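Hello,

Here is the structure I said I would pass on. My notes on the ligand site and the strand pairing follow below it.

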Amino acid sequence: MAEGLLYVISGPSGAGKGTLVSRVLEEHPDYVLSISATTRAPRQGEVDGVHYHFMSIDEFEDVIEKDGFIEWAQVHSNYYGTPLAPIEEHLAAGDTVLLEIDVQGAFQVLDKLPQAKLVFIAPPSLEELERRLRGRATDSDEVIDQRLANAKGEMEASKDYDYVIVNDDLERAAKELSHVFDS
Ligand code: ADP
Ligand code: 5GP
């Protein structure tokens with residue numbers, strides 16, 4: 001498999017991955033964003049099969065048993081995983097595929113597909129990260145606290161990424177990310 005290009009995008013929750021990836025997809029509508037599976041509850045406005053495949057823990061563990069994920073991990077107390085079959089199909093078709101996944105998943109993907117390029121989106125500071133998570137207003141205080149606690153460890157992993165983009169000014173960061181795809 002693996003004729004298309006594969007980019008893995010990670011970074012702490014609230015760093016701006018979703019915002020930046022939406023920009024990339026506007027510029028490159030032919031790129032394919034993988035839809036992950038998760039056991040976390042849908043947020044308001046999230047649609048099953050569009051934002052995530054929402055699963056029960058039993059369903060998720062069943063897919064693990066059947067080797068149906070290219071990678072999976074427990075992130076912020078929930079399971080998240082990337083379904084294998086669509087990735088294989090899109091790469092075989094020569095598509096450019098984006099995965100927006102956490103650092104544990106990124107290194108699992110790199111083990112299996114060493115041609116993957118790893119892109120880390122970093123916040124300008126942990127204080128700004130907290131402001132963004134609270135400003136986004138999609139998570140409870142408890143969930144936000146857990147995401148902030150995990151952010152430091154995630155930042156550590158950025159040293160093993162191919163590209164690190166600091167999302168301070170959105171326009172500048174979006175341009176920098178565009179250059180990664182055009183290089
Ligand atoms: P992630 O997908 O990494 O969890 P989001 O893309 O949801 O992060 O961004 C978190 C919040 O920060 C959102 O409310 C978003 O609008 C805001 N945001 C993203 N990038 C910037 C930026 N460069 N400056 C200020 N706010 C930003
Ligand atoms: P959220 O709950 O905010 O949508 O995502 C939380 C974290 O889970 C983010 O860091 C995101 O990158 C990560 N994530 C989303 N999908 C996957 C996946 O399929 N695999 C892994 N390992 N992490 C994922």
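The largest pocket is the space taken by ligand 2. Bear in mind that this is a predicted model.

- Arg40: a polar side-chain atom lies 2.6 Å from an oxygen atom of ligand 2.
- Asp102: here a polar side-chain atom is 2.7 Å from a nitrogen atom of ligand 2.
- Gly81: the backbone takes part, with a polar atom 3.1 Å from an oxygen atom of the ligand.

As for burial, ligand 2 taken alone exposes 510 Å², and the protein buries 96% of that.

On the strands, β7 (residues 97-100) is paired with both β1 and β2. Strand β1 (residues 6-10) runs parallel to β7 and is joined to it by four bridges; within this pair, Val8 stands opposite Leu99. Strand β2 (residues 32-33) also runs parallel to β7, with two bridges between them. In that pairing Val32 stands opposite Val97 of β7.

When you look at the side chains there, recall that in a regular strand they alternate between the two faces of the sheet.

Regards

Notes:
Residues numbered from 1 in each chain as written. Chains lettered and ligands numbered in written order. Predicted model: local features only at pLDDT ≥ 70, side-chain atom pairs only at ≥ 80, totals over all residues. Heavy atoms only, no water. Polar contact = N/O pair within 3.5 Å; in protein donor to acceptor, adjacent residues only side chain to side chain. Areas by Shrake-Rupley, 256 points an atom, 1.4 Å probe, with all protein chains shown as cover. 1 Å grid on protein atoms, 1.4 Å probe; cavity = no way out; pocket = protein on both sides within 12 Å on 5 of 7 lines; lining within 4 Å. Sits in = over half its atoms within 2 Å of the grid points. Pairing = 2+ DSSP bridges.
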